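This report looks at how parts of one protein chain meet each other. Please keep the sequence and the structure in view while reading.

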Amino acid sequence: MALTTARDLIIEAYRVSGLIDLIEVPEANEITIGLSQFNQLIDSLDLDSLWPYTKKLHKGNFVIGQKDYTIGLDPSDDIQIRRPDTINNFGFIIGGNTFRPLNNVGMVDYQNSYKTENLSTLPQAYTYYPDFPSSRIEVFPTPNSNYEYTLQYSVKLKDYTLNENLELPSGYASYLTWGLAEVLCDMQGSNNVLVKTRAAKYLEAIRKMNVEPITMGYGNLPMGGGLTWDVIADGYKDSY
């Protein structure tokens, strides 16, 4: 994955737009405008389901007798991380070095059936409530010790600051640079055909990476398939 900052991309976008010279640096107010438009560009990608997730890892400890844990950046939240879009894996350490993954149970099954079927004294399952602004995770049975837990989750990082590192899959830095350059040109009333062409080219490449090909079949028998790009893993995956 390409690693850069929003400031780097904004400066490069101003330069390729032709609004400043290639050796020039934008003024502070231009950088501020660029950052606002940069985050709006990311919002537009997210609306089209084209903005990738970033995987994160968090470790903490259960509280004895506590089954509900709020997740978010509010000072009152139990787990102080950015609200997850998806929980990928959740488990705890027992016996010093043995990792026990918890079963991910849907909210309906968790409330209606799982609790009545499992009588273990150790935590066995969890369900995730994607509330907003803070989400919530419930563990069952209630932890009987302050086990260390490991939480792997995915978030869509948006609203970047200028010097925040961006972990971007292949192709995204190019589109954000030229896409932002196109926006800046439009704001200045500059019809730069080269910029528009390059921005459209990189956007189309991103769309192709995120579209699953149609697989033909006969009844229940698959007739073909292929590989599609996984923007999370930054690599190809089977489309079956």
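The model is predicted.

**Two helices in contact**

Helix α1 spans residues 6-17 and helix α4 spans residues 172-188. Their axes lie 8 Å apart, and the two helices pack at an angle of about 55°. Because of that angle, α1 is oblique to α4. The crossing of α1 and α4 is right-handed.

Which residues make this contact? On the side of α1 they are Leu9, Ile10, Glu12, Ala13, Tyr14, Val16 and Ser17. On the side of α4 they are Ala173, Leu176, Thr177, Trp178, Leu180, Ala181, Leu184 and Cys185. Sorted by class, the contact of α1 with α4 has 12 nonpolar, 2 polar and 1 charged residues.

**Aromatic pairs**

Searching the whole structure gives 9 aromatic pairs. Two of these are set out in the table.

| Pair | Arrangement | Centre to centre | Angle between planes |
|---|---|---|---|
| Trp51 and Tyr172 | edge-to-face | 5.8 Å | 70° |
| Phe90 and Tyr126 | edge-to-face | 5.3 Å | 85° |

Where do Trp51 and Tyr172 lie in the chain? Trp51 is in the loop between α2 (28-47) and β2 (54-61), while Tyr172 is in helix α4, so their pair ties together parts that are 121 residues apart in sequence. Trp51 and Tyr172 are both buried.

The pair of Phe90 and Tyr126 also links distant parts of the chain. Phe90 belongs to strand β5 (residues 86-94) and Tyr126 to strand β8 (residues 125-129), and the two residues are 36 residues apart. Are these residues buried or exposed? Phe90 has a relative accessible area of 2%, so Phe90 is buried. Tyr126 is likewise counted as buried, because its relative accessibility is 2%.

**The cluster and Phe92**

Phe90 and Tyr126 are part of one aromatic cluster, together with Phe62, Tyr69, Phe92, Tyr147 and Tyr149. Phe92 sits in strand β5. With a relative accessible area of 0%, Phe92 is buried.

What does Phe92 touch, leaving out residues up to four places away in sequence? The contacts of Phe92 include the aromatic residues Phe62, Phe99, Tyr147 and Tyr149. Phe92 also touches Thr98, Arg100, Leu102, Pro123 and Glu148. Phe92 and Gln124 are 32 residues apart along the chain, and their C-alpha atoms are separated by 9.9 Å.

Definitions and conventions. Residues numbered from 1 in each chain as written. Predicted model: local features only at pLDDT ≥ 70, side-chain atom pairs only at ≥ 80, totals over all residues. Heavy atoms only, no water. Axes fitted to C-alpha atoms, helices over the stretch in contact; angles between N-to-C directions. Helix = DSSP H or I, 4+ residues; strand = E, 2+ residues; numbered from the N terminus. Parallel < 35°, antiparallel > 145°, perpendicular 65-115°, else oblique. Left-handed = near helix turned anticlockwise from the far one by under 90°. Contact = heavy atoms within 4.5 Å. Nonpolar A, V, L, I, M, F, W, Y, C, P; charged D, E, K, R; others polar. Phe/Tyr/Trp six-rings, centres within 6.5 Å; stacked < 30°, edge-to-face > 60°. Buried < 20%, exposed > 50% of the residue type's maximum accessible area, 1.4 Å probe, protein only.
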